[in-house]
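Subject: Structure handover

Dear colleague,

Please find the structure below, with notes on what was found in it. The notes go through it topic by topic.

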Amino acid sequence: MDTRVAHGKDARVMEELKWVPSTVDVTRPSVARMYDYYLGGSHNFEADRAAAKQVEQIYPGIVQSAQANRSFLRRVVRHLVAEGVDQFLDLGSGIPTVGNVHEIAQQNNPSARVLYVDFEPVAVSHSNALLAENPNATALLADLRATSTVLAGVRETLDFSRPVGVLIIAALHFIPDSDNPYDTVAEYMSALPSGSYLAITHATWDSLTEEEGAEARKVAKIYSNSDNTLTVRTHAEVTRFFDGLELLEPGVVAVNDWRPDSYEDHTGIYGAVARKP
């Protein structure tokens, strides 16, 4: 082996690891870092890239789906800012990449406040490094399922006497039914005032052909080896997350069909936004 190549590779690995908390296992794929890879980010490791590439081989549209998901987020935040919302709680926010919530919101309202929440130490450490000079945005290390912990942190950053936009983007399909995701979402919304909003995107296998279903099960198996397994849900199951809220038009639809500003092919992701009456 050419030792110059080996040494060069070792140097790149060491440079990568400088920004990683010591508690992070970089040999186990992370869904947050895989998503970062799909979006063209640089905060991912060999294990993440290998798992992501396996998914790409089975489902070549995964990158397009990730980008469509991000496009939905952009449109939602802009809509909520236009509706007067200036506080956002991004649950399961993932690793910072282009088009973060605070960037979108603060373009039109520089005083908009954002709290990112994620259980991935890399995501939170990078978020806080990115936000070091932004007094109106910060990140909290917590699992969104730990509602009491998250809500305590939220109260230190956001004003619960005014509406909050809650964003749960591509996160709930990593929470199994056994962890009571419906109760978790309801608990967040019950703590917030009237006029608050909930935006969700969620993977689905609805409308898949038999062949596509077989491919989807292979993808789910890959995710089972990551830090979170995949739990896809039907249209009715996704709609249930909005019980007691007022769904905005056009309701629970493919993310591409939620108030699109450009044409995008359909993906297997539902998206919707609802208002707390």
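A residue is called buried under 20% relative accessible area, exposed over 50% and partly exposed in between, with a 1.4 Å probe and protein chains only. By that scale Asn 180 is partly exposed, because its relative accessible area is 43%.

On provenance: this is a predicted model, in which local features need pLDDT of at least 70 and side-chain atom pairs count only at pLDDT 80 or more, while totals for chains, interfaces and linings use all residues. Residues are numbered from 1 along each chain as its sequence is written, and side-chain values use heavy atoms, with hydrogens and water left out.

Backbone

Helices (H or I, at least four residues) and strands (E, at least two) are DSSP runs, numbered from the N terminus. Asn 180 sits in the loop between strand S4 (165-169) and H8, and has a positive phi of about 55° although it is not a glycine. Arg 259 is also not a glycine and has a positive phi of about 45°; its place is the loop between S7 and S8. Arg 259 counts as partly exposed because its relative accessibility is 35%. The peptide bond from Glu 249 to Pro 250 is cis, with omega near 10°, and Pro 250 belongs to the loop between S6 and S7. For context, most residues other than glycine have a negative phi, and most peptide bonds are trans.

Strand S8

Strand S8 (residues 269-275) is mostly covered, with 6 of its 7 residues buried. Two strands pair if DSSP finds at least two bridges between them. S8 pairs with strand S5 (residues 197-203) in the antiparallel sense over 7 bridges, and His 202 stands opposite Tyr 270 in S8. Strand S7 (residues 253-254) is antiparallel to S8 as well, over 2 bridges, and there the bridge partner of Ala 254 is Tyr 270. Strand S6 (residues 246-247) runs antiparallel to S8 and is joined to it by 2 bridges, with Leu 247 opposite Ala 274.

Aromatic pairs

Rings of Phe, Tyr and Trp (its six-membered ring) pair if their centres lie within 6.5 Å; planes under 30 degrees apart count as stacked, over 60 as edge-to-face and the rest as tilted. The structure holds 3 such pairs. One of them, Phe 72 with Trp 258, is edge-to-face, at 5.5 Å centre to centre and 70° between the planes. This pair links distant parts of the chain, 186 residues apart: Phe 72 is in helix H4 and Trp 258 in the loop between S7 and S8. Phe 72 and Trp 258 are both buried. Tyr 182 and Phe 241 form a stacked pair, because their ring centres are 4.2 Å apart and their planes are at 25°. Tyr 182 lies in helix H8 (residues 181-191) and Phe 241 in the loop between helix H10 (235-239) and S6, so the pair ties together parts that are 59 residues apart in sequence. Both Tyr 182 and Phe 241 are buried.

Helices H4 and H5

Helix H4 (residues 62-82) packs against helix H5 (residues 101-108) at an angle of about 35°, with the axes 9 Å apart. Axes are lines fitted to C-alpha atoms, for helices over the stretch in contact, and angles run from 0 to 180 degrees between N-to-C directions. The contact (heavy atoms within 4.5 Å) involves residues including Leu 73 and Val 77 of H4 and Ile 104 and Ala 105 of H5.

Regards
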